[in-house]
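Trainee: Please show me the structure. I would like to go through it step by step.

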Amino acid sequence: MALREIVKEGYESLSKISKPVTTFDSRLELLIKDMKDTLTNADGLGLAAPQIGVLRRVIVIVDGETEQLVALVNPEITNASGTQNATEGCLSVPGVWGRTERPAEVTVKAQDSKGEWFEITRTGITAVCLCHEIDHLNGILFREHVIEYVEEKD
Ligand SMILES: [Zn+2]
């Protein structure tokens with residue numbers, strides 16, 4: 001198990017646009033494995049590669065439907081519908097929580113570690129998480145979506 005350091009707000013990689021993954025090799029497998037270990041260790045719901053200083057379009061989430069960790073490479077939101085209110089935090093912005101408005105349901109197209117395309121449609125917290133992590137790949141922190149800061153997560 002290899003843990004990577006999660007960088008905090010203000011670190012350069014959090015405000016940059018990550019590059020697409022074009023090579024599906026053992027280095028990518030290792031990056032995904034380290035991201036899964038790091039996310040589990042931090043007890044979070046999602047982690048994006050720029051949060052460990054790697055500017056590549058890779059995210060790992062806890063899928064609320066299967067309770068499994070899922071890696072999404074080159075993820076893209078292909079459909080978003082409805083709205084929901086969420087209370088969000090971020091491993092790179094510790095101790096800060098805010099109410100946000102996110103789509104109620106999103107469909108995301110992505111590649112797996114071998115480069116195979118797949119699609120998932122999710123609602124609830126997993127939809128929020130997908131939006132939050134994909135934002136990281138575009139240099140966007142959840143603060144940009146915060147309507148109101150709150151003391152603690154609901
Ligand atoms: Zn985050």
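Mentor: Along the chain, the donors of the zinc ion follow the spacing C-x41-H-x3-H. Donors are N, O and S atoms within 2.8 Å of the metal (3.2 Å for Na, K and Ca); water is not among the atoms, so sites may look incomplete. Helices (H or I, at least four residues) and strands (E, at least two) are DSSP runs, numbered from the N terminus.

Mentor: Keep in mind that this is a predicted model, where local features need pLDDT of at least 70, side-chain atom pairs count only at pLDDT 80 or more, and totals for chains, interfaces and linings use all residues. Residues are numbered from 1 along each chain as its sequence is written, and side-chain values use heavy atoms, with hydrogens and water left out.

Trainee: Which protein donors does the zinc ion have?

Mentor: Look for atoms lying 2.0 to 2.2 Å from the zinc ion. One SG and two NE2 atoms lie there. They belong to Cys90, His132 and His136.

Trainee: Is His136 buried or exposed?

Mentor: Buried means under 20% relative accessible area, exposed over 50%, partly exposed in between (1.4 Å probe, protein chains only). His136 has 1% relative accessibility. Cys90, at 8%, is buried. His136 also counts as buried.

**The sheet**

Trainee: How many bridges join β6 to β7?

Mentor: Strand β6 also pairs with β3 (residues 69-81), in the antiparallel sense over six bridges. β6 and β7 run antiparallel too. Glu105 stands opposite Thr123 in β7. The bridges joining β6 to β7 number seven.

Trainee: Which residue in the turn of the β6 and β7 hairpin has a positive phi?

Mentor: Five residues lie between the two strands of this hairpin. The phi in question is about 100°. The residue is Gly115.

Trainee: Which residue has its backbone oxygen 3.1 Å from a polar atom of the Gln111 side chain?

Mentor: Start with Gln111, which is found in strand β6 (residues 105-111). Gln111 counts as buried at 9% relative accessibility. A polar contact is a pair of N or O atoms within 3.5 Å; within protein, one must be able to donate a hydrogen and the other to accept it, and residues adjacent in sequence count only if both atoms are side-chain atoms. The backbone oxygen belongs to Gly115.

Trainee: How many of the 14 residues of α2 are buried?

Mentor: Go along the helix. Its buried residues include Cys129, His132 and His136. α2 is largely enclosed by the rest of the structure, because the buried count is twelve.

Trainee: What is the phi of Asp43?

Mentor: Asp43 lies in the loop between α1 and β1. Asp43 is exposed, with a relative accessible area of 70%. Its phi is a positive value in a residue other than glycine. That phi is near 60°.

Trainee: Where is Glu67?

Mentor: Glu67 has a phi near 65°, a positive value in a residue other than glycine. At 62% relative accessibility, Glu67 counts as exposed. Its place is the loop between β2 and β3.

Key: Two strands pair if DSSP finds at least two bridges between them.
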